Amino acid sequence: MGQWRGFGCVVKYLSKFLRENNIPHHVGAWIEIPNPHRPRIAIHIGHWAFAKPDHKARIQIGYLVTEGKVKKEGLSWLRRYNYIITPSRWVKERLEEVGLHVDAIILHGIDTQLFKPMNLPKFIDVLSVGIWESHFDDRKFMKKVVDVAFPYTCHIHTRNTVKYEELPKLYNMSRVYLSLSGAEAFNIPVLEAMACGLPIVYNNAPATNEIAVGVGVKPTKIYETQGLVSFTIHEPNFQKIREELHKLLRDEKRMKELGKKARERALKYDYRITYRKFLEFI
């Protein structure tokens with residue numbers, strides 16, 4: 001999805017927050033907050049298996065995610081962090097399962113002044129946003145969106161073909177946001193959709209179910225994938241989600257009510273609010 005999706009989105013917003021709070025920093029492979037001679041603080045943002053502390057900064061902060069079990073093979077570097085922060089309760093629990101201490105949950109934030117309701121015509125009934133570039137992305141079940149939405153119109157946004165600043169228009173030209181994802185550490189597109197006032201129909205899986213406002217449907221089964229980077233897949237109940245989605249699309253009043261509640265909830269996730277807690281660590 002490009003640099004403004006996933007980890008890139010988190011880095012950009014955290015950097016923006018630090019800049020607005022007059023905290024000098026450098027953005028590279030991680031965010032560095034310097035002293036006159038060497039980095040004083042390094043904030044590593046990413047998946048636990050790839051965000052490894054360096055040896056330069058005195059204070060190492062891991063802002064870590066995972067969509068599955070944390071493997072013990074990573075404990076040697078994970079224990080080198082002075083502070084570990086997660087974006088959801090679910091990620092916190094996965095890290096604690098292997099004996100790591102999590103210092104805080106700091107929710108991902110977006111700009112709710114950019115992502116907001118707009119008075120635009122609705123050309124799309126069902127919108128779904130998510131990376132779909134390799135077998136790792138099959139956990140998002142993007143291939144199933146058309147089947148679940150049919151015969152309603154849908155748009156599946158999987159590549160960085162729309163400028164980030166224009167994404168709010170895409171959301172606002174849609175009636176309902178659909179998330180089939182079976183494994184997330186947070187789910188930024190759901191938050192963006194909520195901020196634009198869209199009702200959400202979603203697979204009731206972590207950590208989407210920690211933020212989503214709308215209609216959640218219980219998964220049919222849960223299983224683990226193999227490998228160092230593994231996923232705890234909560235397989236969607238596609239038939240039930242389809243029924244709930246179509247029922248909602250026929251109920252304009254309910255869509256409006258859920259959309260209003262979604263916007264109200266999303267305002268709490270503005271980056272100016274969520275990232276304020278980082279000041280305690282830096």
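## Strand S7 and its partners

S7 (residues 124-129) and S8 (residues 154-157) are parallel, with 4 bridges between them. Strands count as paired if DSSP finds at least two bridges between them.

Val126 also has a bridge partner in strand S9: Val176. S9 (residues 174-179) runs parallel to S7, and 3 bridges link the two. Of the 6 residues of S7, 6 are buried (under 20% relative accessible area, with a 1.4 Å probe and protein chains only). In a regular strand, side chains alternate between the two faces of the sheet.

## About the model

The model is predicted: local features need pLDDT of at least 70, side-chain atom pairs count only at pLDDT 80 or more, and totals for chains, interfaces and linings use all residues. Residues are numbered from 1 along each chain as its sequence is written, and side-chain values use heavy atoms, without hydrogens and water.

## The whole chain

The protein chain has 9 helices and 13 strands (DSSP runs: helices are H or I with at least four residues, strands E with at least two). Its radius of gyration is 19 Å, close to the 19 Å from the globule rule for 282 residues, so the chain is as compact as a globular protein of that length. The radius is taken over C-alpha atoms, and the rule is 2.2 Å times the number of residues to the power 0.38.

Buried residues make up 55% of the 282 in the chain. The C-alpha trace spans about 60 × 40 × 30 Å along its principal axes.

Conventions: Buried means under 20% relative accessible area, exposed over 50%, partly exposed in between (1.4 Å probe, protein chains only).
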